[in-house]
Each structure stands twice: as C-alpha cells, then as structure tokens.
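Here are some comments for you to read alongside the model, written as numbered points. Please keep the structure open and find each residue as it comes up.

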Amino acid sequence: MPRQPIRCTLLLLALSAPLHAADEGRLQATGGLVTIEGAGGGGLVPWATMSGLSTRPGHDVVFGMSSTRVGDFQLDSIGLSASWNDRFELSLGRQQFTVDRGLLPEGIDRRIGQTVLGAKLRVAGDLIYGDLPQMAVGLQYKHSDSDVLAGALGARRNDDVDAYFSVTRLFLAGPFDRNWLLNGSLRATRANETGLLGFGGVDDNGYDLVGEFSAAMFFNPEVALGAEYRQKPEGLPGLGESDWRDVFVAWVPNRRFSLAIAWVDLGTIAARPNQDGVFVSMTGNW
C-alpha cells in the first residue's frame with residue numbers, strides 16, 4: 001500500500017445505485033458498493049445485499065475509492081468486494097487515517113493503516129418480495145498497523161474479529177411516490193474507532209452490541225438523497241469516541257459509475273471534538 005493517501009473513504013457509495021432494471025440481474029439500487037471496511041452496502045454500514053447486481057448464476061466485482069476530510073484528521077479508504085450467485089460475498093478493505101501536523105511530536109508517524117478481510121452470507125428473505133426482508137450475517141477480520149500507538153492509548157490488541165447481522169428492504173413507490181431503501185445492522189465489536197486505534201481496553205475486554213442504520217430516497221434513477229448512522233463502543237476511556245453520521249447526495253450517470261458528496265459528522269476522535277467535514281467518493285462495478 002503506498003504511503004501517499006489514495007484519498008478514499010467509502011461512506012455512502014452503495015446508496016448511489018440507480019433504480020431502473022439492469023441489463024440482467026437485480027435492480028441496480030440493490031447492488032450496494034463497498035463500505036469503508038470493504039463489505040457490500042452503504043458507506044458506513046453493511047447491507048444484507050451482496051455487492052454487485054447479479055442473481056443466480058452470476059458474479060460481480062465492485063471497487064470503490066473515496067476520502068473524507070474533517071477538522072484534524074483525514075480518512076482514506078479503498079475497497080474491493082466480490083459476490084457469487086447473490087448468496088456469498090468476500091471483501092478486502094484498506095484504510096488510512098492521517099493526523100494533522102502539530103498534533104503529534106516530531107518523528108511519530110502521522111498515518112495509521114488498517115486492513116479488513118470480510119465474508120458475508122445471505123441467510124433468509126428477499127429485498128423486495130415476500131414477507132421477510134433480506135437478511136445476512138457477516139464476519140470481518142481487522143488488523144491495525146498501529147500496535148504501538150494503540151497500546152499506548154490502552155488498547156489490548158491490534159487485531160480482532162467483528163460479527164454483524166443485517167436486514168435490508170427496498171420499498172417501491174413508497175412515501176412521496178419515491179423508492180426507499182432502509183437498512184439496519186447489529187454489530188458485535190471491540191474496535192476502537194473502527195479498529196484504527198486497536199481493540200478492547202484495559203478495563204473492558206468484552207464485545208459491545210451496537211446498531212447501524214442507513215436510508216435513502218431516490219428522486220429519480222440518477223439522484224439519491226440519504227443518511228447513515230453508526231453507533232460505536234467506547235473502549236478507551238477518556239478519548240470520547242463518538243457515533244458517526246452523514247447526509248449525502250449521490251449521482252449515478254450509468255450502472256458502472258457513481259459519484260457522491262456528503263457532509264459527515266465524526267464527533268470526537270482521540271479527544272479532539274467537532275470533527276465534521278466534506279466527503280467525495282467514486283465507485284465502479286464490473
């Protein structure tokens with residue numbers, strides 16, 4: 001991974017897919033892209049849908065890159081996700097978190113990296129039809145490069161596993177005669193700032209259950225307005241870890257490419273409050 005930031009944070013890419021039917025496979029709004037951790041779904045939150053648009057038989061490869069800049073930090077991410085037969089997904093994500101000059105002593109690396117390997121399995125339901133919404137379970141193995149910094153802040157380890165359960169539904173011709181996508185996820189995690197600052201703490205080594213939510217309203221097949229909210233545990237006392245949220249607009253000129261911009265509010269990071277700013281992202285689907 002190059003040390004120069006690739007300027008990518010996938011906070012909302014998945015919500016940018018259009019709602020007309022693809023040449024083949026699922027409706028494009030159901031494809032999902034890659035989260036900041038690589039799984040198919042919204043930018044912050046994994047969905048129960050598999051990445052891409054294929055059904056059975058079929059496979060997809062989805063790549064995304066984006067960046068967000070807040071008061072004292074920058075978070076860049078790239079993600080690659082592949083799915084098979086609308087049933088199983090494997091993903092790879094790489095994050096780089098950069099601290100502004102002046103916040104750390106000279107000689108300390110201002111960049112923190114993390115690699116995330118993920119797997120997701122569809123277990124029940126359907127995104128549009130039937131009595132049950134689509135449901136999936138997923139695992140994410142995370143390895144943070146910052147073992148020294150994380151240990152100094154009180155983290156117990158620099159790698160761990162998250163588990164999550166997601167439920168997703170697409171409502172056609174919903175309120176205001178628009179199409180709506182709603183998603184909720186429940187995550188078991190010990191990650192500090194999604195794992196960038198290690199996992200667990202001196203006084204707390206147990207898993208926390210946190211909720212993650214996303215919603216989007218589509219004005220037409222090319223433009224969507226939406227929001228996401230991600231709860232986060234507070235495993236490192238004194239640092240004031242905050243929940244994350246965003247509001248975005250996405251533009252999708254075709255089924256292969258999308259562009260999104262958003263306002264993001266990351267709250268307090270490493271005891272630095274008021275970390276909000278602007279995000280830009282792009283994605284491609286093959």
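A polar contact is a pair of N or O atoms within 3.5 Å, and within protein one of them must be able to donate a hydrogen and the other to accept it. Please bear in mind throughout that this is a predicted model.

1. Begin with Q95, which is found in strand β5, made up of residues 88-99. The side chain of Q95 reaches the backbone oxygen of I36 at 3.1 Å, and it also makes a polar contact, at 2.5 Å, with the side chain of Q114.

2. Is Q95 buried or exposed? Q95 has a relative accessible area of 1%, and because buried means under 20%, this residue counts as buried. If neighbours within four places in sequence are left aside, the residues in contact with Q95 include L75, D76, S77, T194 and L196, as well as I36 and Q114.

3. D208 is partly exposed, with a relative accessibility of 27%. Although D208 and T189 are 19 residues apart along the chain, their C-alpha atoms are separated by 5.5 Å. T189 is also one of the residues that D208 touches, together with R187, A188 and P233, when residues up to four places away in sequence are not counted.

4. Finally, look at W286, which lies in the segment after β14 (276-285) and is exposed, with a relative accessible area of 57%.

Note on methods
Residues are numbered from 1 along each chain as its sequence is written. This is a predicted model: local features need pLDDT of at least 70, side-chain atom pairs count only at pLDDT 80 or more; totals for chains, interfaces and linings use all residues. Side-chain values use heavy atoms; hydrogens and water are left out. Helices (H or I, at least four residues) and strands (E, at least two) are DSSP runs, numbered from the N terminus. Buried means under 20% relative accessible area, exposed over 50%, partly exposed in between (1.4 Å probe, protein chains only). Contact means heavy atoms within 4.5 Å.
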